[in-house]
Amino acid sequence: PYILNILEFNFSPDYLDQYKSETLIPIPIYSIFIHSFFFKFFNLYSFLILEFISLIIFFLILLNIFKRIGLNNTWSLLLIMIIFLIPSVFENLSKLNFTQINFNAVSNLYSFRFPRPLITSLYFFWGLYLAINYFLNKKNTLKDYIIISICLSLCFVSYYYHFVNLVILFFILFMTKYSNNKKLFIENSKYLFLSILIFIILISPFLILLYLSHNDFAQMMGVFDLNLERKVELLVYLLSKIFSIKFFSIFLLITLFFLFLLKSANFFDKKTILTIYLFFISSFISPFLFIVLSPSVSEIYNF
């Protein structure tokens, strides 16, 4: 329905003849509009065509990320295939119920389900690739910041969980690169301000839709207010998970792998490995930061 709504430029559709819609629907336009465009020309075949194109883009983004790490094409393609197959394997493992591990957390890594993660994960992996490039480049231009702002706006409208993770990562990288150089810090702060302005302009259509939508629609989508009591309750719950043996074991294991890869400097690029590790750090900071700053939340388990 959303594909047809965007195609008809109808953001207040009447699904029942006897009930007229008086408000707008906050459609996640940036994860839908590509399919709307292709649907105009290829009808239902557009889904098959875009699955094929999306798979190629997925491969190319990951191939470039692994090249940045220092892997050759053979190893890169092998790892891409593993990453592509992991969700299917874990989905089948979850059906066996032989362990308490939540395999569903991996099932949304990448698949052909539209629009998430078919489109949203492409934005996410693209953002990770841009973060690696941003950190590796000795000097970042205004063009770099504009491209990053476009990627972040796509993530924000499509799947804000990815947006929060990437924003924290880019902030850490920005401070790491320029906090000790006053001249470069001022120069890049100007670029940063312009990129934030572009970001606000790009997300404004969705924000308008959201503002003009009915509260009932948000409740239907599972959105609930975060008052002080709920914030404290969620933060305490997350802290209990952070200090659990399960989380500490995973954190220790990944950190040991990270340190091992840093010492393998002849084979792997240190900055790329550091960027990916910093993203890991960002991923468990993000729900805390979001809960503290956001007035509402929906399906927080997606973090």
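Let me begin with T120, which is found in helix α6, the helix made up of residues 120-136, and please keep in mind throughout that what we are looking at is a predicted model. With a relative accessibility of 3%, T120 counts as buried, because buried here means under 20%. If we leave aside residues up to four places away in sequence, T120 touches S31, P115, S158, Y159 and H162.

Now to a pair of packed helices. Two packed helices are described by the angle between their axes and the distance between the axes. For helix α8, residues 160-178, and helix α9, residues 182-211, the angle is about 160 degrees and the axes lie 10 Å apart, and that angle makes α8 roughly antiparallel to α9, since the cut-off for this description is over 145 degrees. The crossing in which α8 passes α9 is right-handed. As for the side of α8, the residues taking part are F163, F174, M175 and Y178, and they meet L184, F185, N188, S189, L192 and F199 in α9.

Finally, the cysteines. How many disulfides does the structure hold? The structure holds zero disulfides. Consider C151, whose closest cysteine sulfur is that of C155, at 4.4 Å, which is too far for a bond because a disulfide requires the sulfur atoms to be within 2.5 Å. Seen from C155, the closest cysteine sulfur is in turn the one in C151. C151 is buried, with a relative accessible area of 2%, and C155, at 2% relative accessibility, counts as buried too.

Terms used
Residues are numbered from 1 along each chain as its sequence is written. This is a predicted model: local features need pLDDT of at least 70, side-chain atom pairs count only at pLDDT 80 or more; totals for chains, interfaces and linings use all residues. Side-chain values use heavy atoms; hydrogens and water are left out. Helices (H or I, at least four residues) and strands (E, at least two) are DSSP runs, numbered from the N terminus. Buried means under 20% relative accessible area, exposed over 50%, partly exposed in between (1.4 Å probe, protein chains only). Contact means heavy atoms within 4.5 Å. Axes are lines fitted to C-alpha atoms, for helices over the stretch in contact, and angles run from 0 to 180 degrees between N-to-C directions. Angles under 35 degrees count as roughly parallel, over 145 as roughly antiparallel, 65 to 115 as roughly perpendicular and the rest as oblique. A crossing is left-handed if the near helix is turned anticlockwise from the far one by less than a right angle, and right-handed if clockwise.
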